[in-house]
Amino acid sequence: MDSATVCSNQTISKIKKENSQEEPDPSSRRCSRAEKFRFENYPGLNQKDWNDWRWQIKNRIHSLEDVQKFIYLYPDEVEALKKSAVSITPYYTSLIDPIDYFDPIRRAVIPLPQEFVHSTGESEDPLNEESYCVAPNIIHRYPDRVLFLVTNFCSVKCRYCTRSRLVDCSKEKTVSDVTSWSISLDYIRDHKEIRDVLLSGGDPLTFNDTVIEWLLTELKKISHIEMIRIGTKVPAVLPQRITSRLTNMLHKFHPLWMSLHFTHPRELTPEVSEACERLADAGIPLGSQTVLLKGINDHVEVLKLLFQGLLKMRVRPYYLYSMDPIIGSSHFRAPIESGIEIIRGLRGHTTGYAVPTYVIDAPGGGGKIPIGPDYVVERNDKGVIMKNYQGNIYKYIC
Ligand SMILES: *Cc1c(COP(=O)(O)O)cnc(C)c1O
């Protein structure tokens with residue numbers, strides 16, 4: 001079951017009553033899973049506050065006691081929660097099944113004791129980002145483009161986050177983020193070979209519009225920058241942030257691309273659909289990045305639903321990542337073979353646009369390396385013998 005949860009008559013009449021008192025918003029007439037959750041858990045709260053992204057950030061679920069208000073916790077989860085902080089927006093909490101231990105959203109954000117197990121090959125910074133860090137917040141791994149980590153703040157802490165070492169959800173953002181940018185910007189200005197700047201973190205969309213606009217304006221002034229990208233999980237975990245005010249502002253900075261982070265088809269709610277629609281209508285090409293996670297999404301049918309669902313929202317699946325070997329991540333790592341088989345199960349079986357590139361971000365800092373099924377049976381100077389998606393053999397002569 002997903003967001004199309006059936007609403008009780010009582011809930012529907014409540015929505016109707018509330019809508020009649022507030023500014024009309026046709027999208028709010030549906031009863032999403034999040035809205036049901038709001039009525040049940042925040043009965044006094046009005047829709048306007050719930051839909052305010054600042055309210056969502058301020059009211060993030062942080063502690064064991066907080067989590068227990070909304071979902072039943074199993075003993076190993078309690079044990080892990082006593083030792084580590086969580087951060088989940090109320091909206092994203094609404095997507096968690098309150099009793100299912102294997103619920104994919106639960107497993108993405110609620111810790112397990114396995115997180116404290118350090119397995120071989122794991123490290124704090126497996127991609128060796130620190131050594132490619134050429135200026136504050138700038139990772140310069142590829143010659144023509146940089147990763148600009150504009151903040152350590154994220155609205156939700158994913159247990160599998162590749163930047164767990166940096167991400168700090170406990171604090172609000174500080175001015176130091178913004179003041180340190182001037183040196184980062186100097187680096188970009190001084191390096192004319194950089195044509196593409198990828199803003200990530202943390203999550204860049206947790207800044208307010210004014211700050212984002214200032215940063216984009218500064219980047220836009222640099223003549224060798226051909227394009228800007230924003231990497232964000234906000235549309236999935238805090239869709240309320242994607243206001244028309246934001247998208248109207250972003251619209252001025254084209255070519256601006258966005259990489260959204262999605263994990264499971266259960267994330268594709270009416271709220272997320274609306275957020276993606278706003279972004280796409282603002283002319284922003286949308287890609288998605290997904291981490292292959294054992295027990296969460298490592299199944300071809302699950303990922304097919306996710307990728308096809310994303311296409312309906314005009315989001316093009318871009319990368320499927322194998323899990324980076326951060327410390328305490330062995331319970332998330334699916335075998336490489338299962339990633340390859342998933343791609344094999346997609347290619348030819350669904351829209352080509354729904355097939356992302358499966359990559360391993362090379363430990364040590366080699367960048368993203370594509371891994372995929374091999375369709376070539378034999379190749380020589382006369383041509384190539386290939387297998388199609390159904391396993392049939394074809395010959396191409398050249
Ligand atoms: C992923 C990544 C990029 C962008 O890679 P693309 O393949 O161009 O999307 C750039 N810099 C770093 C350090 C990265 O990890």
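How far is a polar side-chain atom of Arg229 from an oxygen atom of the ligand? The distance is 2.9 Å. Keep in mind that this is a predicted model, for this and every close-up that follows.

**View 1. The ligand and the residues around it.**
Here's who surrounds the ligand: Ile139, Arg141, Tyr142, Arg145, Leu147, Leu198, Arg229, Tyr318, Tyr319 and Lys368. Arg145 has a side-chain N or O atom 2.7 Å from one of the ligand's oxygen atoms. On its own, the ligand has 390 Å² of accessible area, and the protein covers 90% of that.

**View 2. A three-stranded antiparallel sheet.**
Zoom in on strands E11, E12 and E13, which line up in that order as an open sheet with antiparallel pairing. The edges are E11 (376-380) and E13 (393-397), each of them pairing on one side only. Ignoring direction, neighbouring strands here are turned by 10° against each other on average. In general, the strands of a sheet pair through backbone hydrogen bonds, in either a parallel or an antiparallel way. Between E11 and E12 (residues 383-387), the antiparallel pairing runs over four bridges. If you want a spot to start looking, find Asn380, which stands opposite Gly383 in E12.

**View 3. Cysteines without a disulfide.**
How many disulfides does the model have? The count comes to zero. Take Cys161: the nearest cysteine sulfur belongs to Cys158 and is 6.4 Å away, so with a cut-off of 2.5 Å the two don't qualify as a disulfide. Cys161 is partly exposed, because its relative accessibility is 21%. Cys154, on the other hand, is buried, with a relative accessible area of 14%.

**View 4. Two cis peptide bonds in loops.**
Start with the glycine pair: Gly201 and Gly202 are joined by a cis peptide bond, with omega at about 20°. To find Gly202, look in the loop that runs between strand E4 (196-200) and helix H10 (209-220). The other cis peptide bond in this view links His254 to Pro255, and there omega is about 0°. Pro255 is also a loop residue, placed between helix H12 (244-250) and strand E6 (256-261).

**View 5. Two asparagines with positive phi.**
Which phi does Asn128 have, positive or negative? Asn128 isn't a glycine, yet its phi is positive, at about 55°. You'll find Asn128 in the loop between helix H8 (104-109) and strand E1 (133-135). With 29% relative accessibility, Asn128 counts as partly exposed. Now move along to Asn137, another non-glycine with a positive phi, this one about 70°. Asn137 sits in the loop between E1 and strand E2 (138-142).

Key:
Residues are numbered from 1 along each chain as its sequence is written. This is a predicted model: local features need pLDDT of at least 70, side-chain atom pairs count only at pLDDT 80 or more; totals for chains, interfaces and linings use all residues. Side-chain values use heavy atoms; hydrogens and water are left out. Two strands pair if DSSP finds at least two bridges between them. Axes are lines fitted to C-alpha atoms, for helices over the stretch in contact, and angles run from 0 to 180 degrees between N-to-C directions. Buried means under 20% relative accessible area, exposed over 50%, partly exposed in between (1.4 Å probe, protein chains only). A residue is near a molecule or strand if one of its heavy atoms lies within 4 Å of it. A polar contact is a pair of N or O atoms within 3.5 Å; within protein, one must be able to donate a hydrogen and the other to accept it, and residues adjacent in sequence count only if both atoms are side-chain atoms. Accessible areas come from the Shrake-Rupley method with a 1.4 Å probe; for residues, only the protein chains shown count as cover.
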